Amino acid sequence: MIRSFNPPVRTLMGPGPSDVSPRVLAAMARPTIGHLDPKFIQMMDEIKQLLKYAFQTENELTMPVSAPGSAGMEACFVNLVESGDKVIVCQNGVFGGRMKENVERFGGEAIMVQDEWGAPVDITKVKAALEANEGVKAVAFVHAETSTGVCSDAKAICALAREYGCLSIVDAVTSLGGSELRVDEWGIDAIYSGTQKCLSAPPGISPVSFSKRATDVIQSRKTPVPSWFLDKNLVMGYWGGGAKRAYHHTAPVNTLYALHEALVMLQDEGLENAWARHAKHHRALKAGLESMGLELLVDENCRLSQLNSVVIPEGVDDAAIRGQLLSDYSLEIGAGLGTLAGKTWRIGLMGSACTQRNVMLCLTALENALVAQGASVKTGVAGAAATAVYS
Ligand SMILES: *Cc1c(COP(=O)(O)O)cnc(C)c1O
């Protein structure tokens with residue numbers, strides 16, 4: 001007989017999902033109501049309003065896609081890219097590669113701007129690509145590359161795209177709620193995020209936002225959007241304004257309660273305070289790791305607070321350490337991805353998981369696991385180094 005599933009209680013300090021607070025989990029357990037219930041529609045409007053705040057935008061077309069971050073990515077590309085369109089795709093990690101796939105699957109031509117994994121998007125290369133190619137429709141890039149821990153200069157890249165009359169498409173899955181992000185001020189045209197990173201809501205929803213310019217492009221397409229589910233023209237019948245909503249799909253009602261609660265928490269904390277909290281705990285974690293003799297992969301000037309790539313010391317068994325953290329401390333950290341597999345660990349400090357308690361737990365647990373493996377790290381100093389940042 002199969003019985004109820006009871007997951008263990010973990011501390012989630014990987015690349016996402018991050019710890020979901022009890023307050024958000026409690027919201028999720030509230031009674032399911034109809035997706036066209038007037039009370040539910042009121043809550044949908046509040047979610048849109050809260051998302052506008054999180055994205056720092058007045059964009060009318062701001063809403064959660066009922067599917068994970070990858071669907072938000074696809075929603076941006078499938079609505080904006082038509083056959084023959086040229087899109088500059090900046091790649092400096094895993095997710096830029098997925099953008100290329102999206103452009104090509106919708107019949108576009110991806111003009112690649114490659115940077116090393118661990119480096120930010122080089123804006124001079126983007127400029128060169130814009131100079132070398134006529135009629136580029138959009139510039140696409142990842143703001144916070146979760147595979148490496150790099151933050152690229154979204155403000156500068158979007159300004160450059162505008163200068164050349166192009167749209168900008170921005171992956172903000174890991175940056176939303178964790179790093180400075182200002183959609184309107186920076187002139188971002190299409191942006192998608194996820195709920196399970198710095199918003200600390202359960203996975204499965206992707207907030208998106210489209211500027212007026214992007215919306216005009218979608219509405220004047222020559223061909224219908226090839227995806228029925230992600231076609232913004234159709235989704236707007238359900239998520240658009242006014243009391244009249246038409247059935248498009250059954251919204252994930254309870255998951256949206258959770259997102260609503262997580263966004264209320266973000267509003268209560270204040271967006272800039274949330275950014276500052278991520279930066280503070282990052283500084284403490286970094287101080288602790290470096291005092292042990294561990295090295296971070298990414299340069300300080302483009303390093304994300306919420307995703308810390310740690311170089312695995314020579315001779316240390318990557319999987320054994322992560323296994324020990326999980327079994328002895330119920331602590332999850334992430335493995336390296338793509339070309340960085342086996343070379344780095346990814347320690348997330350995202351949303352509700354971004355706390356002093358978690359920083360201290362992680363430093364202690366990692367030190368003990370490394371010592372158990374016979375790694376030569378400096379012991380007994382990390383706690384004090386991190387504490388010094390807090391005091
Ligand atoms: C996690 C992530 C995604 C994909 O989100 P899913 O919810 O896993 O589909 C896309 N881009 C970046 C930068 C991410 O970190």
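This is a predicted model: local features need pLDDT of at least 70, side-chain atom pairs count only at pLDDT 80 or more; totals for chains, interfaces and linings use all residues.

Reader: How do α2 and α9 pack?

Author: Two packed helices are described by the angle between their axes and the distance between the axes. Helices here are DSSP runs of H or I, at least four residues, and strands are runs of E, at least two, numbered from the N terminus. Axes are lines fitted to C-alpha atoms, for helices over the stretch in contact, with angles from 0 to 180 degrees between N-to-C directions. For α2 (residues 38-55) and α9 (residues 253-269), the angle is about 40 degrees and the axes are 9 Å apart. That makes the pair oblique (under 35 degrees is roughly parallel, over 145 roughly antiparallel, 65 to 115 roughly perpendicular, the rest oblique).

Reader: Which residues of α2 and α9 meet?

Author: Contact means heavy atoms within 4.5 Å. On the α2 side they include Phe40, Met43 and Ile47, and on the α9 side Leu256, Tyr257 and Leu263 are among them. The contact of α2 with α9 divides into 14 nonpolar, 2 polar and 1 charged residues (Ala, Val, Leu, Ile, Met, Phe, Trp, Tyr, Cys and Pro are nonpolar; Asp, Glu, Lys and Arg charged; the others, Gly among them, polar).

Reader: And at what angle do α3 and α4 cross?

Author: Roughly 45 degrees, with the axes of α3 (residues 69-80) and α4 (residues 94-105) coming within 10 Å. Ser70, Met73, Glu74 and Phe77 of α3 touch Phe95, Arg98, Met99, Asn102 and Val103 of α4. Those residues split into 5 nonpolar, 2 polar and 2 charged.

Reader: What is the strand order in the sheet?

Author: Strands of a sheet pair through backbone hydrogen bonds, either parallel or antiparallel. Pairing here takes at least two DSSP bridges between two strands. This open sheet of 7 strands runs β2-β10-β9-β8-β5-β3-β4, with mixed pairing. Its edge strands, β2 (61-65) and β4 (109-114), each pair on one side only. β2 and β10 (residues 206-210) run antiparallel, joined by 5 bridges, and Thr62 stands opposite Ser209 in β10.

Terms used: Residues are numbered from 1 along each chain as its sequence is written. Side-chain values use heavy atoms; hydrogens and water are left out.
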